[in-house]
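Here's a quick briefing to read with the viewer open. Have a look at the sequence and the fold, then work through the points below.

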Amino acid sequence: MKYFLTSLTLLVFACASFPKKNNLERSYGDIPTVINPYFSNLSKDYIYKAKINFAEKSFGGIFVVKKLGEEYYRVVFTTEMGNKIFDFTFIKNEFKINFILKEMNKKILVNFLRKDFYVLIHENPKVLDHYKNLGDTLFTETRIKNNTYFYLEEKQQLHKILATQRGKEKSQYIFSEVEKNHAKQINIRHKDIKLSINLKAI
Amino acid sequence: MRNLLFLIVLIANTSLLFAQESNMNNTEIAEFKAKISETSKATNTIQSNFTQYKHLDFLSNDITTQGKMAFKAPNMVKWEYTEPFKYSIIFKGDKLIINDSGTKSNMDLGNSALFRKLNQLIVNSVKGNLFQDSDFTMSYFKSQNYYKVIFIPKDEKIKSYIASFILFFDKEKADVLEVKMVEPTNDFTRIVFTDRLINKPLDNEVFSN
């Protein structure tokens with residue numbers, strides 16, 4: 001019986017929502033929108049020196065994002081010498097692989113990259129709720145393609161996106177060194193796969 | 001009047017540009033190849049600055065990077081990028097040594113047939129010695145300032161990655177001035193060499209990270 005109660009408590013705690021687990025307090029009033037402005041400028045070429053670590057392998061290169069229209073983006077990764085490693089197009093809900101090097105063409109990796117880049121470029125996620133912690137961080141709960149994300153803002157500036165599943169944090173997208181809506185540094189971390197992406201604007 | 005004069009000069013220059021390139025005839029090709037072969041044989045080391053332009057059609061501007069290139073016969077090449085980031089890649093026989101802003105890694109080129117072929121092409125193009133390669137069909141052009149050779153790979157796998165290599169040679173010295181790798185989508189990488197030093201002693205140490 002004792003074991004049953006302990007496991008039940010554990011189960012309830014494990015299933016608790018992300019805000020509850022993190023002692024976030026729900027904010028009342030109008031639900032504000034949240035905007036990710038970091039790849040929103042049509043006239044800007046976003047160029048980053050990139051390091052992608054996957055399992056025990058590391059791929060260095062140049063990461064390029066270009067907004068070509070409303071919900072229309074090209075995302076390209078090349079080696080430093082200019083050889084293309086992958087080239088993706090995102091148009092609304094569609095995803096197209098224009099090119100991918102055979103060595104990188106692993107379904108699990110492509111799915112993670114697709115998901116990660118979609119989060120990075122997605123400007124106006126659907127807002128569900130918003131919360132505050134003890135500090136000054138505003139947590140906006142959003143939904144992108146049936147996944148739940150928390151957008152963390154301080155002083156009205158987005159600095160982190162947390163991907164969650166069943167109340168647990170799965171991935172982090174961290175934006176730093178922000179100048180005029182341009183995040184000079186972006187780091188993506190995953191908890192359940194050995195994949196990390198580090199971007200530094202050049 | 002001044003505007004009219006400017007327009008005439010502009011048109012004259014533009015038409016000159018268009019008229020600049022023409023096909024080389026068989027005698028010219030033979031002479032050119034002999035000259036290249038001579039230069040290539042006499043070249044033991046090359047040190048040069050380079051500027052790389054990565055052109056992606058959808059971008060507003062090419063991505064520009066700069067650095068230094070070193071070559072030592074028979075098969076060592078180092079590309080050292082210094083701007084806007086520090087990165088070096090050394091091709092040493094079948095080995096590839098990378099130093100990415102302090103993170104060092106070795107990669108066996110044998111892992112990727114494509115990269116092995118690319119390395120061979122890079123070494124040969126730096127030396128200007130791609131003509132022995134039966135893996136390409138070649139076409140030859142000349143202008144007032146340069147010779148231009150277009151190499152089209154015969155291998156379908158390479159062709160799906162690089163549609164053509166274009167090399168520009170100095171007419172006097174038969175040195176490679178510029179290498180252009182054109183992808184099937186017409187995106188390209190262009191490397192322009194400047195301040196070239198030939199056969200200046202170069203220590204083997206340069207080719208280790």
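Leaving out residues up to four places away in sequence, Ala50(A) touches Gly61(A), Ile62(A), Phe63(A), Phe77(A), Ile197(A), Asn198(A) and Leu199(A). Bear in mind that this is a predicted model.

- As background, nonpolar side chains in soluble globular proteins tend to be buried together.

- Val75(A) sits in strand β4 of chain A.
- Is Val75(A) buried or exposed? Val75(A) has 24 other C-beta atoms within 10 Å, so it counts as buried; the cut-off for that is 20 or more.
- Setting aside neighbours within four places in sequence, the contacts of Val75(A) are Val65(A), Phe88(A), Phe90(A) and Phe117(A).
- For a distance check, take Val75(A) and Asp192(A): they're 117 residues apart in sequence, and their C-alpha atoms are 24 Å apart in space.

**Chain A overall**

- Chain A has 3 helices and 13 strands.
- The C-alpha trace of chain A spans about 60 × 40 × 30 Å along its principal axes.
- The radius of gyration of chain A is 18 Å, which agrees with the value near 17 Å that a compact globule of 202 residues would have.
- Buried residues come to 31% of the 202 in chain A.
- If you take the contacts in chain A with a separation of 6 or more, 38% of them are between residues 24 or more positions apart.

**Chain B overall**

- Chain B comes out at 4 helices and 12 strands.
- Of the 209 residues in chain B, 23% are buried.
- For contacts in chain B between residues at least 6 apart in sequence, the share joining residues at least 24 apart is 46%.

**Strand β5(B) and its partners**

- How many residues of strand β5 of chain B are buried? It's 5 of the 6 in residues 87-92, so the strand is largely enclosed by the rest of the structure.
- On one side of the pairing, β5(B) runs antiparallel to strand β4 of chain B (residues 76-83), and 6 bridges join them.
- One of the residue pairs to look for there is Met76(B) with its bridge partner Lys92(B) in β5(B).
- The link from β4(B) to β5(B) is a hairpin through 3 residues.
- β5(B) also pairs with strand β6 of chain B (residues 95-100), again antiparallel and over 6 bridges.
- Here Ile90(B) has Ile97(B) in β6(B) as its bridge partner.
- The hairpin of β5(B) and β6(B) has 2 residues between the strands, and Gly93(B) takes a positive phi near 60° in it.

**Where the chains meet**

- At the interface, 19 residues of chain A are in contact with 20 residues of chain B.
- Which strands of chain A each supply at least two residues to the side that touches chain B? They're β2 (46-54), β3 (57-69) and β4 (72-78).
- β3(A) gives the most to that side, with 6 residues.
- By residue type, the side of chain A that touches chain B splits into 7 nonpolar, 5 polar and 7 charged.

Note on methods: Residues are numbered from 1 along each chain as its sequence is written. Chains are lettered from A and ligands numbered from 1 in the order in which they are written. This is a predicted model: local features need pLDDT of at least 70, side-chain atom pairs count only at pLDDT 80 or more; totals for chains, interfaces and linings use all residues. The radius of gyration is taken over C-alpha atoms; the globule rule is 2.2 Å times the number of residues to the power 0.38. A residue is buried if 20 or more other C-beta atoms lie within 10 Å of its own, exposed if 12 or fewer, and partly exposed in between; C-beta atoms are placed from the backbone. Two residues are in contact if their C-beta atoms, placed from the backbone, lie within 7 Å. Two strands pair if DSSP finds at least two bridges between them. Ala, Val, Leu, Ile, Met, Phe, Trp, Tyr, Cys and Pro count as nonpolar, Asp, Glu, Lys and Arg as charged, and the others, Gly among them, as polar.
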